[in-house]
Amino acid sequence: MSAAKRHIVVVGGGVIGLSTAIALLDHLSSRYDVTVVAEDLPDHPSTTSPSPSPSKPPASYASAWAGAHHVSDAKTEEELARDQVTFDVLKRLHAARPPGFDEAGEPIVWNHQVEYFEQDRINRAAVEWYPDYRELDPSMLPPGACFGCSFSTCTIVVPLYLPFLFRLFLARGGRALHARVTSLEQALSLAESRTADFICNDTTASFAAPSALVVSPGLGARALADDEAVHPVRGQTLLVRAPWCTLSERDTVPNADLPRTAAVSPWPGLSRCNEEGFRDVYVIPRGGADGHFIVGGTRLPHDWSDEPREATTRDILAQALRYMPALANPHRSLTAGAGEAQPDDVDVVAVNVGFRPARSGGVRLERGPSLGQAQVVYNYGFGGVGYQASWGAALQCRDLIDDALGQARAPRGSTLASLDGRCQL
Ligand SMILES: Cc1cc2nc3c(=O)[nH]c(=O)nc-3n(C[C@H](O)[C@H](O)[C@H](O)COP(=O)(O)OP(=O)(O)OC[C@H]3O[C@@H](n4cnc5c(N)ncnc54)[C@H](O)[C@@H]3O)c2cc1C
């Protein structure tokens, strides 16, 4: 029984809601019980399989559709801090390898990243802190690029990492409920229901009436938080198979700052930052024997269409091949006898569409007016950076919950310390 603890309800089962829920459970003083209420959770069959499945999560469940690379484009100190805290937690998590962490494959893969910039205003502060950072000699730049750099970073392999987060949450005593709600009040009331069908490891636990609510419904904040600034940024990406596309000798750099156990992908990651300052071409290696890459991608604000577009697929492939011709199946391009690899030469395994949950004016991470007895903290609007900002956002949100409930803030190390291999999944 845990009736003496405060009960926190989190609306949203994406990377932001789940990371926040784990951070709340991970308080050194074990002072919170947590219920996640979400329409979509990572127990969907195709969210747990690295291969495509006939039934897909909806495009609005952004966390199922990210690449996801950790390549910061932070514009403010707060954003940079979130990305750096997340990088640090991912590194520790990878080194700690808690039980169940890699039961279906490596959820975090280290890789060598190459970045090309086509604009003069380079946001160096966002990337120069990564391990092994170096600037590329101008002679190595492709046409159109005026600056390039490389560094070591990680890929978060979403089909493995998101279910791992969910297992970690349940293992820490959290419980979850599949439900679409039409109001925040409804989420609070469902979370205290005695008859709801909760997913949990301990069915005997009883939770008190909710003391606080974390609002992390991604795009759902448009309706649930009555926030018209929230909108989709449509992204079409391709899952590509290219195990022959390995690092060249020249591109290999020492990974001095990575955990000793780090499995470094033999495949490179790459992106191009266009003249408007957006990464409109990216190749994200997912590691594993399949040699899978996520190749993207588009960024179309306010576009609600979840149907893949054939012309977009060809355009994505043509752009990616300019920078990484080795993505093409060498057998196919040789057969065709063409000089340059063509989009048809690439083995496309799946074409996907996801909606980045963006917010004009940026992330909303703040306290709001209480709902009855429950204090409220908003934590949404992460657009295209939710994975790389996830742990930083989760710890900021936990601080706000501590403040709202008049508790001393947990030391930052508490979350990191308990990730050091002692948790049982
Ligand atoms: C194509 C693409 C590529 C991306 N690449 C990267 C990348 O490389 N790196 C990176 O860091 N990020 C990337 N992102 C962004 C990242 O995926 C998002 O920022 C992140 O997933 C947002 O997480 P979230 O938890 O806020 O929202 P979501 O994952 O959308 O989760 C929202 C949750 O709220 C629930 N919900 C919503 N409304 C309701 C309701 N009414 N009732 C109950 N539940 C509700 C949903 O069911 C879901 O559980 C990418 C996104 C896309 C689409």
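Me: Is Arg356 buried or exposed in this structure?
Reply: In this predicted model, Arg356 has a relative accessible area of 13%. Buried means under 20%, exposed over 50% and partly exposed in between, with a 1.4 Å probe and protein chains only.

Me: In which strand is the place of Arg356?
Reply: This is a predicted model in which local features need pLDDT of at least 70 and side-chain atom pairs count only at pLDDT 80 or more, while totals for chains, interfaces and linings use all residues. Residues are numbered from 1 along each chain as its sequence is written, and side-chain values use heavy atoms, with hydrogens and water left out. Strands (E, at least two residues) and helices (H or I, at least four) are DSSP runs, numbered from the N terminus. The place of Arg356 is in strand β14.

Me: Which residues does the UniProt annotation "binding site" cover?
Reply: UniProt positions are given in the numbering used here, with shortened feature names, and annotations may be inferred rather than shown by experiment. The annotation comes from an unreviewed entry, and its residues are Tyr282, Arg356 and Gly384.

Me: What share of the ligand's accessible area does the protein cover?
Reply: Polar contacts are pairs of N or O atoms within 3.5 Å; within protein, one must be able to donate a hydrogen and the other to accept it, and residues adjacent in sequence count only if both atoms are side-chain atoms. Oxygen atoms of the ligand lie 2.7 Å from a backbone N or O atom of Asp40, 2.8 Å from a polar backbone atom of His69 and 2.9 Å from a backbone N or O atom of Tyr387. On its own the ligand has 1,000 Å² of accessible area, and the protein covers 97%. Such areas come from the Shrake-Rupley method with a 1.4 Å probe, and for residues only the protein chains shown count as cover; the share asked for is 97%.

Me: Which element supplies the largest share of the shell around the ligand?
Reply: A residue is near a molecule or strand if one of its heavy atoms lies within 4 Å of it. Of the 38 residues around the ligand, Gly13, Asp40, Ser63, Gly383 and Gln388 come nearest. At least two shell residues come from each of α1 (15-25) and β14 (347-359). The largest share, four residues, is supplied by β14.

Me: What is the relative accessible area of Asp226?
Reply: Asp226 is found in the loop between α6 (221-224) and β9 (230-241). Its phi is near 50°, a positive value in a residue other than glycine. Asp226 is exposed, with a relative accessible area of 65%.
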